[in-house]
Amino acid sequence: MDDSKFLEASAKHPIVDNHVYKYGTAGFRMKADLLPGVSFRVGLIAGLRSRKLNGQAIGVMITASHNPAADNGVKIVDPMGEMLEQDWESHATLLVNAPTHEELLETYKNLASQLKIDLASPGRVVYGRDTRPSGHSLAAALAAALEATNTEYTDFKILTTPQLHYLTRCVNTEGTPKAYGEVSEAGYYNKLSEAFVRALRGRQIQGHLVVDCANGVGGPKLSELLKVIPKDKTGFNAKVANDDVLRPEVLNLDCGADFVKTKQRAPPNVKPAADTRYCSLDGDADRLIYYMADPEAGFFMLDGDRISSLNASFIGDLVRSAGLEDDIRIGVVQTAYANGASTTYIEKNLQLPVVFTPTGVKHLHHAACQFDIGVYFEANGHGTVVFSQEALRVFREKEPQSPAQKDALETLAAVGDLINQTVGDAISDMLMVEVILAHKGWSLQDWATTYTDLPNRLVRVEVANKDIFEATDAERRLSHPPGAQDEIDQCVRKYTTARSFARASGTENACRVYAEAATRHEADELANKVANIIKQFGS
Ligand SMILES: CC(=O)N[C@H]1[C@@H](OP(=O)(O)O)O[C@H](CO)[C@@H](O)[C@@H]1O
Ligand SMILES: [Mg+2]
């Protein structure tokens, strides 16, 4: 490695003084003007990680998802499309915070020797970005680090986050028995479209679907996909809404999955009509929320918990029809934010085990991989279904004993291709929901009647230092500060069926309080009481 080349490139991409950076749940995410130096340094760490993993390609995605247009973020993707391994988050934090260019070079070399990485060995990085205007210069800063360290790279330009995860896995499995797909954006569309047709098995999708794309990257990408989906074979009639990517100021503004979930209403420019299905993606197309205008209830939302239980119900039935119920273990993974009614429905009605993990999809994904088929979604609509290699092999190779078994096995194999195995993917999840509704012959109303949500409230509480709040038991209880959990427990005990917890956010300097109770009034009251406890302990 050429030290002077390294220092010269680094000097052109300084970090901003007096700012402490931390690799969090969503990588490094903040105002875009703080990020060029960070992006450069992420290039360094991605190159190191690739070299550590024998030259397998590492992915980097430049996006700030549902945040405003002025923000951006840089996130690292491991070879199979998973989130960066946890130990490496602290390496990334260490490297990004090196105060001078010389100290950066020293930290880089120290990390390499500590982790036994040969800096002369080949490294490879692939990257993409969402539609934010700042993405272009952040990609250039990333490329500068890759150039300076002789790391091979491919710029896949504008992509959804899940597309970048898909491509990372494709690059690393190309030409092997585990080949995940063709290494191109077109390959992604063809794979989804083909699996969609196969999963429908001749069924026609009824009615219309309006897709709010949050004025983000999902808009143009969904339009590309719709060009290759055969309408005659699927009946799929989707209209793309909020797909203006030329005006950055409208990105995620009064639209998108995060807006719909947190405001519990449709985007003002989408006026739900009866008999039409609606869904919203977020700014980088990895979250999905469905909704409708119910003739009686008005606006009605079908969130990540509903998408999760719909998938679990469908896949559970298929596994039974295929005669595989004794061979394949299906499990559902949720966080403490999942509505208690969904958990009860999955355990009691669907008879499937539910496991809880801390917030953040990396935790859910990991837990889901412990099952042969693991279904995981956060309530906010981010999630997917993961199939073990063994399960996929059984679907292909098991000798069917009846036409019904054959049908179920073929549907399961198609579903395995349709669902993005690398990460939650709003576009792939949406096709999956459409397939399931077509199979069940369900409208959104039918889907909505599976269970009734418990009234709930989520409150954000500003505190001086959120880090004094430490959680345990899948973040359902506070271990610190001492005494806080006792007070929460006392509060909750005053209600007959209620649940509440508080935790420090992993993405913002604040705490979140969640409460669930038998009535709307009780849920609000409990959330406010617990929020007050957090304020007291946090001041
Ligand atoms: C209650 C909630 O929705 N929390 C979100 C939010 O995490 P916090 O750690 O709560 O800030 O952002 C995460 C990243 O997008 C997402 O995984 C998570 O579900
Ligand atoms: Mg997102």
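Helices (H or I, at least four residues) and strands (E, at least two) are DSSP runs, numbered from the N terminus. With that rule, the protein has 19 helices and 19 strands. The model is predicted: local features need pLDDT of at least 70, side-chain atom pairs count only at pLDDT 80 or more, and totals for chains, interfaces and linings use all residues. Residues are numbered from 1 along each chain as its sequence is written, while chains are lettered from A and ligands numbered from 1 in the order in which they are written.

## Overall form

Start with the whole protein. Its C-alpha atoms fill a box of roughly 65 × 60 × 45 Å, taken along the principal axes.

The chain is divided into four parts, domain 1 (3–158), domain 2 (188–301), domain 3 (304–424) and domain 4 (456–538). Their bounds come from an automatic or database domain assignment. The C-alpha centres of domain 2 and domain 4 lie 34 Å apart.

## Two open sheets

Strands of a sheet pair through backbone hydrogen bonds, either parallel or antiparallel. Here two strands pair if DSSP finds at least two bridges between them.

One open sheet has 3 strands in the order S15-S19-S18, with antiparallel pairing. Strand S15 (456–461) and strand S18 (499–504) are the edge strands, and each pairs on one side only. On average, neighbouring strands of this sheet are turned by 15 degrees against each other, direction ignored. Such angles run from 0 to 180 degrees between N-to-C directions, and axes are lines fitted to C-alpha atoms, for helices over the stretch in contact. Helix H19 (residues 520–538) packs on the sheet and touches S15, S18 and S19. Contact means that the C-beta atoms of two residues, placed from the backbone, lie within 7 Å. The direction of H19 makes about 150 degrees with that of S19.

Another open sheet has 4 strands in the order S12-S11-S13-S14, and its pairing is mixed. Strand S12 (354–356) and strand S14 (383–387) stand at the edges with a single partner strand each, so one side of each has no neighbour in the sheet. Neighbouring strands are turned by 20 degrees on average, direction ignored. Helix H11 (residues 304–321) lies across S11, S13 and S14, running at about 165 degrees to S13.

| Strand pair | Sense | Bridges |
|---|---|---|
| S15 and S19 (residues 511–516) | antiparallel | 6 bridges |
| S9 (residues 288–294) and S10 (residues 298–302) | antiparallel | 5 bridges |
| S11 (residues 330–334) and S13 (residues 373–377) | parallel | 4 bridges |

Arginine 457 has alanine 515 in S19 as its bridge partner. Alanine 293 has phenylalanine 299 in S10. Valine 333 has tyrosine 376 in S13. A hairpin joins S9 to S10 through 3 residues.

## Around ligand 1

A residue is near a molecule if its C-beta atom, placed from the backbone, lies within 6 Å of it. Of the 13 residues around ligand 1, Glu378, Asn380, Ser505, Gly506 and Thr507 come nearest. The shell divides into 3 nonpolar, 7 polar and 3 charged residues. Ala, Val, Leu, Ile, Met, Phe, Trp, Tyr, Cys and Pro count as nonpolar, Asp, Glu, Lys and Arg as charged, and the others, Gly among them, as polar. Domain 3 (304–424) and domain 4 (456–538) each supply at least three residues of this shell.

## Two loop details

Asparagine 150 sits in the loop between helix H5 (135–148) and strand S5 (152–158). Its phi is near 55 degrees, a positive value in a residue other than glycine.

Proline 481 sits in the loop between strand S17 (477–480) and helix H18 (484–493). A cis peptide bond joins histidine 480 and proline 481, with omega about -5 degrees.
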